[in-house]
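Below are my entries, in the order in which I looked things up.

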Amino acid sequence: MKIDFRLKEELRKYLEKKINEKKQIVKVISVYPLTEAEINQLRKSLPMLSERKMVNIVDKSIIGGLIIKFDSQEIDLSILGQLKNFKNLLIK
Amino acid sequence: MESLGIDIKLLLAQIINFTLFFFIFKKFIATPFSNFLNEEKQKEIEKNELLEKAKKREEELALEEKKMREKLQKEYEQSLRQMKEEIEELRKKMLDQAKREAEEIKNKSKLYLEEEKQKLAKEIKNKLGDLSLSITENFLKEFLNEDLQKKINQNIIKNLTKKLN
């Protein structure tokens, strides 16, 4: 099937836009919903993310702490992550 | 002569008779018989010669047979010795190979055992880690209330800049 060139271009632009939007989003995973004050504090602590949109995701399985995801990076500050690191240390 | 009692006629007749008898005897009896005897004698000599030749040949054959038997015996002994040597060599080779194979199997088994041991140790460590993690997780889930969670988060946010640097 041949796709029309203009349609193709539009599709590409749309996808690029979507990707950029997604790139702009910072995901913060926590055990309970973060308050506005906490989010603001977080923005202050991470100046490079201050302009971006922050989305708070609640996940009780991380036990405690936070996980911050942006672009292709992940900052794991959760208790579950620490425990897993500790377990890996034990195994080694 | 007559006075001596000899009858000339009779004597003559007897002489003739004797001569005839002599010739006839010689021609028809003595000579063939003699020839027969000679032939027999000759045959006997030939027979003896043949016998002697046969005897000689028999001796020669016996000697040859003896030599052949000795030669065969020697060859047999040599073959036997050679075969024994070959068997011994083969036995040694097989023994060496068996030893090598046994050593190889031993080493492989050792290696396998060592690997299995390590695998088992790793598995035990893993299980222990999982168990410890699970226990700690459950404990922390029960222990951490919302206040504590908030304190932890505050602490993390406060130290975030330091951590990232």
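**Entries on chain A and its partner**

I began with one pair in the sheet: in S2(A), the residue bridged to A:Ile25 is A:Lys53. A reminder to myself before going on: this is a predicted model.

I stayed with that pair of strands. S1(A) and S2(A) run parallel and are joined by six bridges. Another of the pairs I looked up sets A:Val28 against A:Asn56 in S2(A).

Next I looked at the other neighbour of S1(A). Strand S1 covers residues 25–30 of chain A, and four bridges tie it to S3(A) in an antiparallel arrangement. Here A:Ile29 has A:Ile67 of S3(A) opposite it.

Then I stepped back to the whole sheet. In what order do the strands of chain A lie? I read S2-S1-S3-S4, an open sheet of four strands with mixed pairing. Strand S2 (53–58) and strand S4 (73–78) of chain A are the edges, each pairing on one side only. From one strand to the next, the twist averages 15°.

I wanted to know how S2(A) sits. Is it mostly buried or in the open? Zero of its six residues are buried, so S2(A) lies largely in the open.

I traced the chain next. Chain A has three helices and four strands, and from the N terminus its elements follow the order α-β-α-β-β-β-α. Within that run, S1(A), H2(A) and S2(A) form a right-handed β-α-β unit.

I noted two overall figures for chain A. Of its 92 residues, 18% are buried. Among its contacts with a separation of 6 or more, 53% are between residues 24 or more positions apart.

A:Ile63 is not a glycine, yet its phi is positive, about 70°. I found A:Ile63 in the loop between S2 and S3 of chain A. It has 23 C-beta neighbours inside 10 Å, and since 20 or more is the cut-off, A:Ile63 counts as buried.

A:Asp71 also has a positive phi, near 45°, and is a residue other than glycine. Its place is the loop between S3 and S4 of chain A. Is A:Asp71 buried or exposed? A:Asp71 counts as exposed, because it has 12 C-beta neighbours inside 10 Å.

**A stop at A:Arg43**

I picked A:Arg43, which is in helix H2 of chain A. With 16 C-beta neighbours inside 10 Å, A:Arg43 is partly exposed. Setting aside neighbours within four places in sequence, I found A:Arg43 in contact with A:Leu49 and A:Ser50. I also noted the C-alpha to C-alpha distance from A:Arg43 to A:Met54, which is 8.9 Å for a pair eleven residues apart in sequence.

**The core**

Which residues make up the largest nonpolar core? I listed twelve. From chain A they are A:Val26, A:Val28, A:Ile29, A:Leu34, A:Leu42, A:Leu46, A:Leu66, A:Ile68 and A:Leu77.

Apart from neighbours within four places in sequence, A:Leu42 is in contact with A:Val28 and B:Ile157.

**The side facing chain B**

My last look was at the two chains together. How many residues of chain A are in contact with chain B? I noted 18 residues of chain A in contact with 18 of chain B. On the chain A side, helix H2 (36–45), strand S3 (65–70) and helix H3 (79–91) are the elements that give two or more residues. H3(A) gives the largest share, five residues. By type, the chain A side divides into eleven nonpolar, five polar and two charged residues.

Methods: Residues numbered from 1 in each chain as written. Chains lettered and ligands numbered in written order. Predicted model: local features only at pLDDT ≥ 70, side-chain atom pairs only at ≥ 80, totals over all residues. Contact = placed C-beta atoms within 7 Å. Nonpolar A, V, L, I, M, F, W, Y, C, P; charged D, E, K, R; others polar. Pairing = 2+ DSSP bridges. Axes fitted to C-alpha atoms, helices over the stretch in contact; angles between N-to-C directions. Right-handed = clockwise from strand over helix to strand, strands pointing away. Core = buried A, V, L, I, M, F, W, Y, C linked by C-beta atoms within 7 Å.
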